[in-house]
Structure formats: C-alpha cells, structure tokens
Amino acid sequence: MTVRVVIVDDQALVRAGFRMVLDSQPDLAVVGEAIDGADALRVLARTEADVVVMDVRMPTMDGVEATRRICRDHPAGPRVLVLTTFDTEDDAFAALRAGASGFLLKNVPPEELLAAIRVVAAGDSVVAPSITRRLLDRFADRLGPGPAEDPRLARLTEREREVLLLVAQGLSNAEIAARVHVAEATVKTHVGRILAKLRLRDRVQAVVLAYESGLVTPGG
C-alpha cells in the first residue's frame, strides 16, 4: 500500500527537499503540495491523502489552524504530522490539541521523517508517551483545570481508566502490562477500546484528554 502525502510549507526549497526524500521510497508518494494552511485545505478538497506533513509558521493560515480544520472536516483522515523547531514548541502543543498525530523537529534525519510518516499512516503517534507527558507538564497552564469528574471518563471501565492513567504518565504498552500484570496484547486491546469509546485518534489525544479531564495533574 502506498502512503499518499501532502507537503505543506511556505518555503519552496523545503518542499522540494521533502519531495525528493519521500519520492525515493517505493511505499510513499507525494500527491500534493501547499504553500500555507489555506492552500492545504484547497489541495485536500481535491486530493486523496493519508498524511499531511504540516509546517507551523506560515502566512495566511498557520499550521495550527489548518490542522484544526483538517481534523474537523476530515475525521477519517488524513492524519497530520506537524513540523516544528526548538523555539516553536507552543505551536506544536497547540497543534496536538487541534488534532495532530504528532510532531517532529524540522532538522530530523531523513530516515526519522520517513519512519514517522509510516507510523502516522498506520494510525499511531510519532510522539513518545514520555515526551508527550513532559510537553504537557510544561504547558499545563494552557489546559486549564478539569472538572471534578469529566463525563467522558464515565464511558470507561475501571481497568480502562487505569490504563489511560498509565498511558498519560508516559508508560509504554509493555510497561503498562508489567504494572497491571496482563499480556501486552491485552493492554493494546484496552488502549484501542479507550480510543474508540472516547472518539480519539491516537495516544497523543488520549494523553491530552487525561490532563484536560483532571485524571492526571502536571507532575502527578
């Protein structure tokens, strides 16, 4: 199966570099390019894509707003992989809340970009849970306090709430399995049910919800 990618960046040289790297792979194909967020929405209106590689800082419409609209208007896909730099973590965090499936630094090696696109296309997140937790801790003041008992959590069983808590604390499936004394495959099933019940796209959104709902507190 070929992963169809749309590249969104206001710099032509960056787009050309990404296209060259992606087109060198037999399982990846660049099916469109856009110069900003508004242009990306126009491209996606006429182009079938699996992954959008999205810059953050762009004129007309930035990557955060474009991500929000893509995830709102195309709930079944494509999935968004946001690119950021060390000094734009605020924007990357905002993009995760808007529905992005993860983010990378723009200076990652080509092989990491390729791997991330494949992971996102497969339905997972490219942000490690432990990194997600640290990012959320850093920007927790932007989340605001959650209710005493978020009604969304009522959809989960006690075991699913326990698994969500451990996911939000940065544990991998293997670590969660060891903690609750079940098979790793069982944890994977629990995570899948959590995402389905809460209508979330991936683990990143699950962690965001855990913080927003008050299930996890920064540093807790």
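Arginine 199 lies in the loop between helix 9 and helix 10 (203–212). The model is predicted.

**Positive phi in loops**
- Arginine 199 is not a glycine, yet its phi is positive, at about 55 degrees.
- Arginine 199 counts as exposed because its relative accessibility is 75%, and the cut-off for exposed is over 50%.
- Histidine 181 sits in the loop that runs between helix 8 (173–180) and helix 9 (184–198).
- Phi of histidine 181 is near 65 degrees, again a positive value in a residue other than glycine.
- Histidine 181 has 72% relative accessibility, so it counts as exposed.

**A cis peptide bond**
- Glycine 77 and proline 78 are joined by a cis peptide bond.
- Omega for that bond is near 5 degrees.
- Proline 78 is placed in the loop between helix 3 (63–73) and strand 4 (79–84).

- Leucine 83 belongs to strand 4.
- Is leucine 83 buried or exposed? Its relative accessibility is 2%, so leucine 83 counts as buried; the cut-off for buried is under 20%.
- Setting aside residues up to four places away in sequence, leucine 83 touches Phe18, Val53, Met54, Asp55, Val56, Leu104 and Lys106.
- Leucine 83 and asparagine 107 are 24 residues apart along the chain. Their C-alpha atoms are separated by 9.2 Å.

How values were computed. Residues numbered from 1 in each chain as written. Predicted model: local features only at pLDDT ≥ 70, side-chain atom pairs only at ≥ 80, totals over all residues. Heavy atoms only, no water. Helix = DSSP H or I, 4+ residues; strand = E, 2+ residues; numbered from the N terminus. Buried < 20%, exposed > 50% of the residue type's maximum accessible area, 1.4 Å probe, protein only. Contact = heavy atoms within 4.5 Å.
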